[in-house]
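Dear colleague,

I am passing a structure on to you, and below it I have set out what was found in it. Please read the notes with the model open beside them.

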Amino acid sequence: MGLESWAKKWNPPESTSETVGQKLRNFISPPPPIRNQIIQAVYRIQGQISKLDYSLAKLQSYDKMLFEKVVNSLVEGDKSKATMYANELAEVRKMAKVIITVRYALERVRLRLETAMVFGDVNATLAPAIVALKQVAGHLKGMMPDVFTELMEVDESLQAAMMQMTAHVPIALDNAYVSEEASKILKDASIVAEQRLKEHFPDLPSFEKVAAQGERTSEGNGK
């Protein structure tokens, strides 16, 4: 497809087959240019990524505090208290894993949107991003409802943009290619999330390990 064809898709000429009602509606409240809709979606997604980063920073701070309490309880020989803090820590890390996974999935969705703006390849680039975005948003429905709502609005606006770009033809969001590409976006994000989780959330020490370290410290001080 040549540059002229892409230009027509980004800024389609007035259709001669439009009804009077459609022309009147577009005159009163014209739809925003498709490129602007995608740019707006990119900014809105980046805004939600920033919110996730803020929440993750708070979780990391809380995780650090709980980690220290677990270690101190083990040093003091209080297994029950250490277990209580460890259970709370496990819940914090479950939330952190979800947030990290969603965060990196959103980064990949954003990259897809930016690619769609450059190349204009809607079906191959934008459709998988729409499917992945909806799936990612679902993970935050109960945890961060404000972010979930915002992402669902972005998803709806992208579907509308895609409808506009494909001349109101129904969008094929459930074909094999789109599903596979969307799964790839989520899988890649999950792999990165696992790596980041290991980097920022250290493993808890066992009671036996802490006790052994304590014994070595005591022996060293006695010399």
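Before the helix pairs are described, a word on how they are compared: axes are lines fitted to C-alpha atoms, for helices over the stretch in contact, and angles between N-to-C directions run from 0 to 180 degrees. Helices (H or I, at least four residues) and strands (E, at least two) are DSSP runs numbered from the N terminus, and contact means heavy atoms within 4.5 Å.

This is a predicted model, in which local features need pLDDT of at least 70 and side-chain atom pairs count only at pLDDT 80 or more, while totals for chains, interfaces and linings use all residues. Residues are numbered from 1 along each chain as its sequence is written, and side-chain values use heavy atoms, with hydrogens and water left out.

The overall picture

Of its 223 residues, 33% count as buried, where buried means under 20% relative accessible area, exposed over 50% and partly exposed in between, with a 1.4 Å probe and protein chains only. Among contacts between residues at least 6 apart in sequence, 79% join residues at least 24 apart.

Two helix pairs

The axes of α4 and α7 come within 8 Å and cross at roughly 135°. These two helices are therefore oblique to each other, given that angles under 35 degrees count as roughly parallel, over 145 as roughly antiparallel, 65 to 115 as roughly perpendicular and the rest as oblique. The crossing of α4 and α7 is right-handed; a crossing is left-handed if the near helix is turned anticlockwise from the far one by less than a right angle, and right-handed if clockwise. Among the residues that make this contact are A96, I100 and Y104 of α4, together with I185, A189 and L197 of α7. By class, the contact of α4 with α7 has 11 nonpolar, 2 polar and 8 charged residues, where Ala, Val, Leu, Ile, Met, Phe, Trp, Tyr, Cys and Pro count as nonpolar, Asp, Glu, Lys and Arg as charged, and the others, Gly among them, as polar.

The axes of α3 and α4 also come within 8 Å, and they cross at roughly 160°, which makes α3 roughly antiparallel to α4. The crossing of α3 and α4 is left-handed, and by class their contact has 28 nonpolar, 3 polar and 11 charged residues.

A96 is found in helix α4 and, at 0% relative accessibility, counts as buried. Leaving aside neighbours within four places in sequence, A96 is in contact with L56, L59, L197 and F201; A96 and L56 are 40 residues apart in sequence, yet 6.3 Å apart in space, C-alpha to C-alpha. D63, for its part, is found in helix α3 and counts as buried at 3% relative accessibility. Not counting residues up to four places away in sequence, D63 touches L89, V92, R93 and F201.

The largest nonpolar core

A nonpolar core is a set of buried Ala, Val, Leu, Ile, Met, Phe, Trp, Tyr and Cys residues joined through side-chain atoms within 4.5 Å. The largest one here has 55 residues, of which I45, L106, L113, L126, L133, L140 and L158 touch the most other members. At least two residues of this core are supplied by each of α3 (34-75), α4 (79-119), α5 (122-138), α6 (145-165) and α7 (176-200), and the largest share, 15 residues, comes from α4.

L158 lies in helix α6 and is buried, with a relative accessible area of 1%. Beyond its neighbours within four places in sequence, L158 is in contact with I38, A41, L113, L126, I130 and L133.

Finally, A137 is found in helix α5 and is buried, with a relative accessible area of 0%. Leaving aside neighbours within four places in sequence, A137 is in contact with F148, L151 and M152; A137 and T149 are 12 residues apart in sequence and 8.1 Å apart in space, C-alpha to C-alpha.

With best wishes
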